[in-house]
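Visitor: I would like to learn how to read a structure such as this one, feature by feature. Could we go through it together?

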Amino acid sequence: MTDEIFKEYEEKLPKLIIDEIKANLPEKADAAKVRKILEAVHAEYEKSKLDAGECVGLLSAQSIGEQGTQATLDTFHFSGVSEMNVTMGLPRIIEILDARKTISTPMMEIYLNAPYNQKENVKKQALLVKEIKLKDVATEFLVNIADMIIKVDIDEQKLKDLDLTLANLSKTLSKAMKSLKIKQDTVSIIAKLEDKDANLNSLYKLKEKLKETHISGIKGVTQVLPVKRGSEYIVLTAGSNLKAVLALEWVDKERTTSNDIYEIAATLGIEAARETIIDELLKVIKAQGLKIDIRHLMIISDTMCVSGAIKGITRYGVVNEKSSVLARASFETPIKHIMRASLVGEEDKLHSVIENVMLNQVVPLGTGMPVLKAKKKE
Amino acid sequence: MEEYVYKKVSSIVFGLLSPKVVKKMSAVKVVTPELYDKEGYPVDGGLMDTRMGVIDPGLRCKTCGSKIKECVGHFGYIELARPVININLVSLISTLLKFTCRECGKILIPKVKADKIIESLAAADKEVGLEKRRKIVKHVITSLKTTNKCPHCKARQLKITIEKPTTFLENEKRITPIEIRARLEKISDEDCELFGLNPKYARPEWAVQTILPIPPVTIRPSITLESGERSEDDLTHKLGDIVRINQRLFENINAGAPEIIIEDLWDLLQYHVTTFYNNEVAQLPPARHRSGQPLKTLAERIKSKEGRIRYNLAGKRTNFSARTVISPDPMIGLNEVGIPLIMAMKLTVPERVTAWNINYLKAFVQKGSDKYPGANYVIRPDGKKKKITEEMKEQILEEIQPGYIIERHLMDGDISVFNRQPSLHRMSMMCHKIKVLPGRTLRLNPSVCHPYNADFDGDEMNLHIPQTEEARAEAEILMEVPTQLISPAFGLSIMGCIQDSISGNFLLARDPEIKKEIAVKLLVDSGITDFSRLPSKKTISGRDVFSMLLPDDFNFSAHSKLCKKGPEAECKDANHIVIKDGKLLQGTLDSANLGKGAGLLLRNLHQKYGQEFAVDFLAKVAKLGVNYLFHKGFTVGISDMDLPDDANQKIENALEESTITIRELISACADRTLEAFPGKTIEETLELKIIETLNNVRNKTGNIVAEYSTKLTPTVIMARSGARGSVLTLGQMTACIGQQVLRGKRIDKGYKGRTLSAFRAGDLTESARGFVKYGYKRGTTPAEYFFAAMTGRDSLMDTALRTPKSGYLYRRLSNAMQDIKVDYDGTVRDASNKIIQFSYGEDGVDVSRSVGGKIDVKRIIQNLK
């Protein structure tokens, strides 16, 4: 009975509201009562809808701009022992809205499939993710000038922790450094330069290069931290490389995320990037104790992503895409925009706000939107 | 009646000026650098020629015959002796020279390929906007490579480089602008398209100028100094230089001077023309005044915040506005603004005389401009404005008839727009009704301070009087204070009781009995006139007094500040607010329900009884709170900070305990027995543990203070009710200020290994790293005082740095999104009609009509019961 009534309203009401009604229905509600409730909610929903012409973009800009002045510049956020150091506050908001290619603290939250998400297993999995360079497992790099050899002493305990053996270590090394001849000793690896005219200088350079050679784990992940989230354990990382992490089979691909928007866009697509922008902004706003409705963030995120690529709120991004010459010119670098427009004979149709302000004309928003159209007498 | 012709600009096309157009639009050919003759009149053919407009009163423009202010000015031109490169188009010239054949002038790509690109450009033109076209052009230009041989005429190509700013070299040999122009002329119209040019508006050769337009005199007026001397505008100076050099160059060429001299002069002409356009070209020394200050030429006039676009075009100035200091007046309404009489007599409202109001309006004229309420001006139907003076009064009175407009003084109830900068959101400009008051400040109700972010420590605010019926109607319907009650940022009331009105209501709700006379007085003072619902007892409880403000069919329940959080319906706390049938049955009134930006009490009243009621309710509640405090008395003293001895002892013990723990931790670290956290060194772990201990002790002392502050001293009342301060700040005053945090760490800056020379190097104890042990009342040690000053300075810096940053962020956001609007079909679109969202926020709900961003389903269901 009641299901039918609900079905009727499915078209008229958003799903979230219907779900909330279902959750809050009084226990002994009969069909008539349910209908009455739905009617009342629907009436209120219709009443709360936006009027046409509302300048929602400016509303969002104001909401964020006004509250932004109250946010702290607090760059770092320590919440006790077990959290990562992440850029927060206004700098992070600016970073997101600028759509910076390299962010100051890239981070991933890796969710693990059972049974890896239990306390005993996380630590080991976390270590598998962490990027290990040769210098991390070595105790010493010895340069033998006489034989033009570098001897690397390896800490076997550390190797064992990483599930590696000396044999496959030397294998990965020789793969990474093609110009080297790699030999294996009991506790060390000996690298010899094959080049004929090798000199001392190149040997030392080689030593530095060897130190930074990638051995295991995922490139870019500099720190890992297993953390408890609800009933399971997850891995937080400093440094982000989503593509590589998602390739691991024991990773929960649905929930694992990164805070690097470009990386999300590259691996999961623009819709995911849009969602990430909203989430990341929300995170900062919540941490700062600000009150901004999510709809404002959606608008911002959508304007940044409509073109199919991420565009920052800068003179090179969103503003550069505007159709009006004068709107672009009034933001920044006016001369550049005016010159560019004159070369193509660009026409400004005066459809947006600022040009009409400049010309003392009615702005096509809100009460300025309706126009009279008269029929011509024939 | 007068007739109006409304004209609207429907579009603006941008383009380059061709020499032909320049000549056609010019009124004069400028030939001499002289400005004025001996008598001080502008010279014919000079830069101040009256055919280019007039700036002196009394003179008439020779082109259009009108006087100063009426004549908009006319262009002139100079014939340049030798062509000169336009600095703004250097990059264009460079690409054109590099990628067209030096012999045949064709683009250096094979014909087949070029045809293909033209086709794709034609396809791109079918789309709205120039974005696609621009992309293709950009792609073409970046993909072009220097080829040695022209694919069309097989001529060998030489390497072209620019020597900045305006010199072009071909194989290290200079190409003169004449030659450049000759080459650009050869480029065909079709090839122009490939370079992204529209030959109709921008032929390549126009980038090399043979003729220079001279801007009208009216945009470069000269100023007459007190001494009678004339001081010319920067542009006139620059143009003078150009004309002078041009003349010399011309004479030298005619006289057959050596090539070197001509070239030098040519370069000089190029320099002057370049700086005329832009005086901030990187490689050129800016042209200067004799005083050494750089000239402000065309580009600098347009650019930046003080430039034409942002300062004059996008920024407007208004008449009929006022500004002074603000001060509070809790007794006026929220949607009122108190203005001083002097302002009311200077600011006016235009009212049109009709047959019905003629006598009413004549009365104002009768009073004149010196008596209130009078009128200052009369505007005749032909637009002539007349000042009302004592002498003119009688005459004006006689002549007034329907159609006249009378500018009368402001009166109570007139519409105004009130504003405080920075205007960060739309609630920074709201419509208030005028209320003329004695005094010299603008008055506003303290409850509307929050949306303006105003306080009364010397803040000034602006007042505008809308002058047309349309403007007044929009202001009243869209901008009035009641319409702005619910914030569009988060969907809750942005206005609320503040400070005294909160603590007043807090105390009122706890008062078990108030004498009836006093209760009635309180209510009358707060604007209540109907006492039918007042219990007819001798003494009335404070809650009943408060209930008088509520409508009698209002039901509500909510957590108060002190309730333990949890499901609302099951809250058994005595502080929990329950309102049934318009009676406050139980609960504490505090900032959680009365305050700004929080609580559903106001939101629900707004929803059920409308915005006018909600604002009226808020005003009454605020008044009631203040009035109750008037009746009771309320003051803060140092004795509020006193604690009993055993509390002091407890605090002492807690501090002692933490000191010991820290000692232990440090020594554990020293002999390496401390267990490190994963991924951290022992030292880092120690630091974290110390911070944890210190945080704990601050909380502990705070709790002790809270525990002992059961006596309701005024300070405690303020903290409990949320009127001002918190239990934390109370703890800081009485017990312990706590750790000073600098950049997210304990203080560790200063000397090597220590913070101050009073400490030992490497000292990690709490006192050496910025822990302030006692409260403000007991005072700080010199070292502690210094640490507190450090963090104080740091937070000052933080604010100073944050404001411009967030200001710029706001500017960018608003510029990027200002034209995004909801269309009639409910989609969200931008100016070019591109759809941004199909439904605003995925459900189309206006945040300022929602309850905290949601539809309050629970309440609807409850109300239906």
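Visitor: At what angle do helix α7 and helix α8 of chain B pack, and how far apart are their axes?

Guide: In this predicted model, helix α7 (residues 234-255) and helix α8 (residues 259-277) of chain B pack at an angle of about 160°, with 9 Å between their axes. An angle over 145 degrees counts as roughly antiparallel, and α7(B) is therefore roughly antiparallel to α8(B). The crossing of α7(B) past α8(B) is left-handed.

Visitor: Which residues of α7(B) and α8(B) meet?

Guide: From α7(B) the contact includes B:Leu239, B:Ile242, B:Ile245 and B:Leu249, while α8(B) brings, among others, B:Ile262, B:Leu265, B:Trp266 and B:Leu269. Taken by class, the residues of this contact are 13 nonpolar, four polar and three charged.

Visitor: What is the arrangement of helices α12 and α13 in chain A?

Guide: Helix α12 (residues 261-268) and helix α13 (residues 270-288) of chain A have axes 7 Å apart and pack at an angle of about 150°, so that α12(A) and α13(A) are roughly antiparallel to each other. Here, however, the crossing is right-handed. In α12(A), A:Ile261, A:Ile264, A:Ala265 and A:Leu268 meet residues of α13(A) that include A:Ile270, A:Thr276 and A:Ile277. The residues of that contact divide into eight nonpolar, one polar and no charged.

Visitor: How many residues of chain A and chain B are in contact with each other?

Guide: The size of an interface is often given as the accessible area lost when the parts come together. For this pair the account is one of residues, with 83 residues of chain B in contact with 89 residues of chain A. Among the elements of chain B that give two or more residues to this side are α9 (298-302), α10 (308-313), α26 (782-817) and α27 (857-864), and α26(B) gives the most, with 14 residues. By class, the side of chain B that touches chain A has 41 nonpolar, 23 polar and 19 charged residues.

Visitor: Where in chain A is the pLDDT below 50?

Guide: Where pLDDT is low, the predicted coordinates should not be read in detail. Chain A averages a pLDDT of 82, and 94% of the residues score at least 70. Residues 75-82 of chain A, however, have a pLDDT below 50, although this stretch has 12 contacts in the model beyond near neighbours in sequence.

Visitor: Which domains are assigned in chain A?

Guide: The assignment gives domain 1 (2-47), domain 2 (132-216) and domain 3 (322-368), and the C-alpha centres of domain 1 and domain 3 of chain A are separated by 47 Å.

Conventions
Residues are numbered from 1 along each chain as its sequence is written. Chains are lettered from A and ligands numbered from 1 in the order in which they are written. This is a predicted model: local features need pLDDT of at least 70, side-chain atom pairs count only at pLDDT 80 or more; totals for chains, interfaces and linings use all residues. Domain bounds come from an automatic or database domain assignment. pLDDT is the predictor's confidence in each residue, from 0 to 100. Two residues are in contact if their C-beta atoms, placed from the backbone, lie within 7 Å. Axes are lines fitted to C-alpha atoms, for helices over the stretch in contact, and angles run from 0 to 180 degrees between N-to-C directions. Helices (H or I, at least four residues) and strands (E, at least two) are DSSP runs, numbered from the N terminus. Angles under 35 degrees count as roughly parallel, over 145 as roughly antiparallel, 65 to 115 as roughly perpendicular and the rest as oblique. A crossing is left-handed if the near helix is turned anticlockwise from the far one by less than a right angle, and right-handed if clockwise. Ala, Val, Leu, Ile, Met, Phe, Trp, Tyr, Cys and Pro count as nonpolar, Asp, Glu, Lys and Arg as charged, and the others, Gly among them, as polar.
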